[in-house]
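Please open the model in your viewer and keep the selection tool at hand. The stops below say what to select next and what is there.

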6 protein chains.
Amino acid sequence: MTKPAAAKPASASSAAADDTVITALALKPSRLSGTMEDYFGKCQEKLGFVPNVLKAYAFDNVKLEAFVAMYNDLMLAASGLSKLDREMIAVAVSSVNRCYYCLVAHGAAVRALSGDPPLGELMVMNYRAARLSKRQRAMLDFAVKLTAEPWTIEERDRDALRRAGFTDRDIWDIAAVAGFFNMSNRVASATDMRPNSVYHGQARG
Amino acid sequence: MTKPAAAKPASASSAAADDTVITALALKPSRLSGTMEDYFGKCQEKLGFVPNVLKAYAFDNVKLEAFVAMYNDLMLAASGLSKLDREMIAVAVSSVNRCYYCLVAHGAAVRALSGDPPLGELMVMNYRAARLSKRQRAMLDFAVKLTAEPWTIEERDRDALRRAGFTDRDIWDIAAVAGFFNMSNRVASATDMRPNSVYHGQARG
Amino acid sequence: MTKPAAAKPASASSAAADDTVITALALKPSRLSGTMEDYFGKCQEKLGFVPNVLKAYAFDNVKLEAFVAMYNDLMLAASGLSKLDREMIAVAVSSVNRCYYCLVAHGAAVRALSGDPPLGELMVMNYRAARLSKRQRAMLDFAVKLTAEPWTIEERDRDALRRAGFTDRDIWDIAAVAGFFNMSNRVASATDMRPNSVYHGQARG
Amino acid sequence: MTKPAAAKPASASSAAADDTVITALALKPSRLSGTMEDYFGKCQEKLGFVPNVLKAYAFDNVKLEAFVAMYNDLMLAASGLSKLDREMIAVAVSSVNRCYYCLVAHGAAVRALSGDPPLGELMVMNYRAARLSKRQRAMLDFAVKLTAEPWTIEERDRDALRRAGFTDRDIWDIAAVAGFFNMSNRVASATDMRPNSVYHGQARG
Amino acid sequence: MTKPAAAKPASASSAAADDTVITALALKPSRLSGTMEDYFGKCQEKLGFVPNVLKAYAFDNVKLEAFVAMYNDLMLAASGLSKLDREMIAVAVSSVNRCYYCLVAHGAAVRALSGDPPLGELMVMNYRAARLSKRQRAMLDFAVKLTAEPWTIEERDRDALRRAGFTDRDIWDIAAVAGFFNMSNRVASATDMRPNSVYHGQARG
Amino acid sequence: MTKPAAAKPASASSAAADDTVITALALKPSRLSGTMEDYFGKCQEKLGFVPNVLKAYAFDNVKLEAFVAMYNDLMLAASGLSKLDREMIAVAVSSVNRCYYCLVAHGAAVRALSGDPPLGELMVMNYRAARLSKRQRAMLDFAVKLTAEPWTIEERDRDALRRAGFTDRDIWDIAAVAGFFNMSNRVASATDMRPNSVYHGQARG
C-alpha cells in the first residue's frame, strides 16, 4: 500500500493550469452594465472570488445577464426542491457529461450545503452508490435518464416522481435544472472552461 | 409500390394529439408581465399563433422572461452565424436527442429560412446526408459531437472550426446554441411538450 | 420568434441534390426483363414516378426482381398487419438507423395511408411521442428493440406481442418487415441513395 | 490449468436444444411449390440436411421463394467478391448482432471454404484479430461499420474500398451482403431460430 | 446453399498466425523459479502443451507466479460454483469484450467440461440463446451486466442472485471470476495474445 | 451564486455510510496467515488504517494473499512507469467504470504522489481536461480505450505508445495496471465496497 505523502505545494504548471486562463477562446471582456458590475462585486464580497463561468460570459453583457437571470432563478428561487437537491442534480448531470468545470464548482456546493463531504464525491463519481432517501434517488434517476436518453422519458417516468412525492411543478424544476446543466456542461466543454482553483479545497470537512 | 392516397383530413384523435394540450404537467398559467403580454401579442400577430413552448413556460413569468431573453439573444442577435446556421444547429442537435417538439418547430424554421424544404428534412433525419458547404458541415459536426459526447471535445475540435473560417466568437455562438437546445430538448422531453400543429404544413414548398 | 417566410423555390443546388443522381455508385442500368419493364411502367402510371430504389437496383435485373418480389410480398400481401402498420414499422426502424432515403419515402407513405400527417413525423422523429394504441405501441417497441439490440430479444418479448393481440404469424411479419428495412437502410446508406424529391410534398395535409 | 476431458456425448437436453424445434413460433408448414420441393431435395442430397432457415420460411411458399432467390443471388452469383469473401462478411456482421443461428451456420461455411478453421472462429469472435489482406480488412471494416452505425457511412468510406481495389459494383455487393445479414440476423433473433446441430462439427480441421 | 468442402489443411500463413508468436510485444523469457518450471512441466504432461498465456507472463517470474496463484484459486479451488459454472462466466464475459484468446481457450473448456459442444458456442456467441437453468442464467446475467455496466450493479442485482440460490460467498466468487476475465481479456487484447492452435479442435464432439 | 457555508460535521447517517460496513456481502473474516497479519499491521502503522479492500478479501486468506501479491507487484515493483503513472491509470480506468471505491482511494493517491490536488480531481472527472505531457496522455488514452473498447486495440495503438517513448515492457505494464483495475472496479461494484472515509480529506493541499 502506498503511503500518502503530505501534498507538495502545487507547482506553477499544475495539471489544472493556473487561474488566469478562463477558457480556450480569445474573447475580450466587454463593458459590463451597472447591474452586472454590482453582481460581480457581490460575488467577490460573499465568495471571495468571481466564478469563472461569469468571467467567461463577460465578453457580452447581454449574454451574461441572460445567463445570470436564468441561473439565479433556477438555483435560488423558491421551489419544492431544496438548494441542495438542485446542486445534487447539477452534479449528477455533470457526471454523465464528465464536465470538469461543473463537477468542481458544484461538487463543492454539494459538500458545503450538505455538510457531508463524501456526498459531493458520490455525486461526482456514481450517485447510485450513495445512501439516499427514496425521494432523492427518484429525482436523480429522472435527471440522469433525461440527460443520457431524453427520448425515452415517458409518462411512467413522471409518475415515478409523483409517487416519490413530487408535484408537477417540482417535476418542471427537476427538468429545468437538469436541462440547464446539460447546456452549461456543453458550453464549458466546448470552451475548455477552467474552474477557480479555490473550489478544490472548499468544504472538505 | 403503395399508391399514396390524398391525405384524409386529420381526425380529432390524431397521433399527435390536439392543440389544446401543451405538456403532460398540470401547471396553471400565471399572470404575465406587460412585457410578456406584448410579446405574446407580437407572436400572434406575426406568426399567427403563440409557440407552445412559450405557453409552457407561462406558469411562471420570471422563468418565461429568462427563457425568452436567452432564446432571442441566441437565435436573433447579431452573430457571425446566420439565422439559418443557428436553426440548422438547433435541428441537428434535436435530432441526436430525438426531441419531437424541437424537430417540428425548428425543422419548419429551416425549411422557411432556406427556401429548401428538403434541407429541413435532412437536418431532422441525418445531417450527414445533406450537400453542405465545408463551413456548415464543420459547424454541425462540432455541434453534434458536443451533443453526443461533450467530454471528448478538445482543442483539435476548436481548431477544425477555426480552419473552416470561424472566429473564437463564432465558436462560442455554436457552443451556446448547441448547448441551449440540449437544454430545451430535455425540458420538452421531460414534460412531453407538443408542438403547435400549424408547423407541420409550413414551408413545404 | 422567427417569422417563417414563404418557402423560396428550391434552387438547382439544393442540399438534397437534384433528382438525376440516384446513388453515389457508378453502375450502368442493365436491360430489364419484360416483367420489370411492365412494373416500372405501372409505377410511372400509378405514382407518377419510378421510386429511386428501383432505379438503383436496375443495374442487375436478377437483383431487381428478387428485391421487388420480397418487398411486394412483405408490404402488400395479406397479413394480420395492415399496410399502415407495416409502413409504421418501416419508418420507426429507419429512424433508429437514420436512413434518409427510407425516412423520406416511407414517411410519406405513413402520412398518406393514415391521413394523419403528424403521424408520419412522429415515426421519423420519435415514435414514443405518438398517441398510439397499445397494440401499435407493442409492435413498434418490438421492431425498434429488434433493430437496436437484436441479441436481447427473448421469449418475454414475443409474449408481449402475444398479449397485445398478435398471432405467431403476425410476429413473423413484424420481424420480417423490421428485418427488411434493416437491410434496405444499409443498402441505401452504403450507396448514398437519394429519394425522389416528389415525396417531400406528399400528403402534407 | 483444467485438463480437457474427452467430450461426453451430448445429452438429449443440450443447451442448444434438439434438432426438432426450428423456431419459437408455432407456424405450420405450407404446401411447397415443385421448385421448392426440388430445392429442398437438392439440399438434402448435397448437404445431407435442409438448413433450418429454409424450414422456418416454409410456412409460406411465396416468402420462401423470395428468400431463396435473394439469398442464392447474393451468395452464389458471379461477383467481384469470392464466396469466401461473402461468407466472411456474413459472419462479421452476425458477430456484431450476436446472432446464434447465422454465426453457427456461416461460421461453418467460412471454415469449409477457407480450409482454415481458426478463420471461422476469428470472424465469430473478433475479425480485427485475424491476419487479413488489406483488401479483406477494408471489406470487413466497411461491412461492420455499416452494421453498427449505418448513418455514418459517407463518401470517404466508399473511397477506402476503392483504394483497396474494389469497384463500385463490388461496393454494391458488399453493401447488399452486409444488408442481407442484418435482415437475417433479426429474423433469426426475433424467432429464436436454431441452427442444425450438424454445423457444429463441420470443417473443424 | 454452399456445400461445405472438407477443410483443407491450414496453410502456414493461417489467419490466426502460427503457434510460435505469443504476443505482439518483444519480451524475453526470464529465468523461471523451480515452482514455475514444475508447473509448466505439469501443463505439458497433462494438457500436452503450455497455455500461451503462461508463456506470455513468463518474461517476469513474479508476475507469472501472481497470475498463476490467482487463476488457480479462482478457477479450481473449492467454491459453490462448479468448474463449469466458472468457465461459463469466463466465456460470457470474454464475449462481451470480444477477446479472441479467452474465447478460444475457455470456449474449449466449456465444451470439454459440459460434454455439450454447442454450449461452448452459445457462450461465445450469445449466452441468452442457450437453454439454461434459472440458476445459471441469473449467474450469467449478473456477470455480463457487471462486465458491460459495472456502475449499475445494486442490491437488487445481488438479491436476484440470492433468490436464484446463491450464497453471499457465491456472489463473491461470481464477481471475482467475472472481474478476473475483465482483467485477462484486456491484457490479452492489449498484447494481441494468440491462443494455442490446439484449442480449436478440442472437444468438438 | 451560492455562498459555501463551512462544512458541517458529517452526521452519523452520511450518504457514504459509516466506516464499519465494508461490503454488502455477509462474509466472516477468516484466520489470517502470519504474513497477512504482519501486512495488516504494517498498513496500520504506515497509513494509520487498513484499506477496506484488504478487509473485504480477508474472509479467505488464499484470495487475500493472491490479491496482495498481484497488487503490490503491479503498483510498487520496478517499472518504466512511475508510481504516479500507475495511480493515474488506476483512476482514469476507474472513472470509465464509475467505481466509487477505487476513485476515492486512488484519487487520494494521485493527489498525494503528485502534490497537485486538482490532478486527482481531473483523473476522476475527465482526464482529457488535464494538462499532461504527451507521454502521459498517450498512456491514459491507451488505458481508457482498453477499458471501454478492448476489442478495438490493434498494432497502431501499441505503436502510438512506442512513439510516445514507451518500451514493449512498459506497454505490458500499462495493460496490466489497466487490466487490474478493470478487475478491481468490478469486484468493488459487485459487492458495494465502501472506501475508508479517511481518504476523502487526504492531500487536499
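## A tour of the contact between two chains

Begin by selecting Asp192 of chain A together with Arg131 of chain F: in this predicted model, Asp192(A) and Arg131(F) form a salt bridge, with their closest N and O atoms 3.1 Å apart. How many salt bridges are there between chain F and chain A? The count is 4, and if you look for polar contacts across the interface of chain F and chain A, the rule finds 14 residue pairs, both residues of each pair being at pLDDT 80 or more.

Next, select the side of chain F that touches chain A, and colour the helices of chain F. Helix H1 (34-47), helix H3 (61-76), helix H4 (83-96), helix H5 (100-114) and helix H6 (117-125) of chain F each supply at least two residues to this side, and H5(F) gives the most, with 7 residues. If you now colour the side of chain F that touches chain A by residue class, you will find 30 nonpolar, 10 polar and 12 charged residues.

Now show both partners at once, so that the whole contact is in view. The contact takes 52 residues from chain F and 53 residues from chain A, and the two chains bury about 4800 Å² between them, of which 62% lies on carbon and sulfur atoms.

## A residue in chain E

Move to chain E and select Ser94(E), which is found in helix H4 (residues 83-96) of that chain. Is Ser94(E) buried or exposed? Ser94(E) counts as buried because its relative accessibility is 0%, the cut-off for buried being under 20%. Leaving aside residues up to four places away in sequence, Ser94(E) touches Cys99(E), Cys102(E), Leu103(E), Phe181(E) and Asn185(E). With Asn185(E), the side chain of Ser94(E) makes a polar contact, side chain to side chain, at 2.9 Å.

## Chains apart, and confidence

Select chain A and chain D, which do not touch, their nearest C-alpha atoms being 18 Å apart. Then select chain C and chain F, which likewise do not touch and whose nearest C-alpha atoms are 18 Å apart.

Finally, colour chain A by pLDDT: the chain averages 94, and 93% of the residues score at least 70. Select residues 4-12 of chain A, where pLDDT stays under 50 and for which the model has 15 contacts beyond four places in sequence. Where pLDDT is low, the predicted coordinates should not be read in detail. For the model itself, the scores are ipTM 0.94 and pTM 0.95.

How values were computed: Residues are numbered from 1 along each chain as its sequence is written. Chains are lettered from A and ligands numbered from 1 in the order in which they are written. Side-chain values use heavy atoms; hydrogens and water are left out. Contact means heavy atoms within 4.5 Å. Buried area is the accessible area (1.4 Å probe) that two parts lose on being put together, summed over both. A salt bridge is a side-chain nitrogen of Lys or Arg within 4 Å of a carboxyl oxygen of Asp or Glu. A polar contact is a pair of N or O atoms within 3.5 Å; within protein, one must be able to donate a hydrogen and the other to accept it, and residues adjacent in sequence count only if both atoms are side-chain atoms. Helices (H or I, at least four residues) and strands (E, at least two) are DSSP runs, numbered from the N terminus. Ala, Val, Leu, Ile, Met, Phe, Trp, Tyr, Cys and Pro count as nonpolar, Asp, Glu, Lys and Arg as charged, and the others, Gly among them, as polar. Buried means under 20% relative accessible area, exposed over 50%, partly exposed in between (1.4 Å probe, protein chains only). pLDDT is the predictor's confidence in each residue, from 0 to 100.
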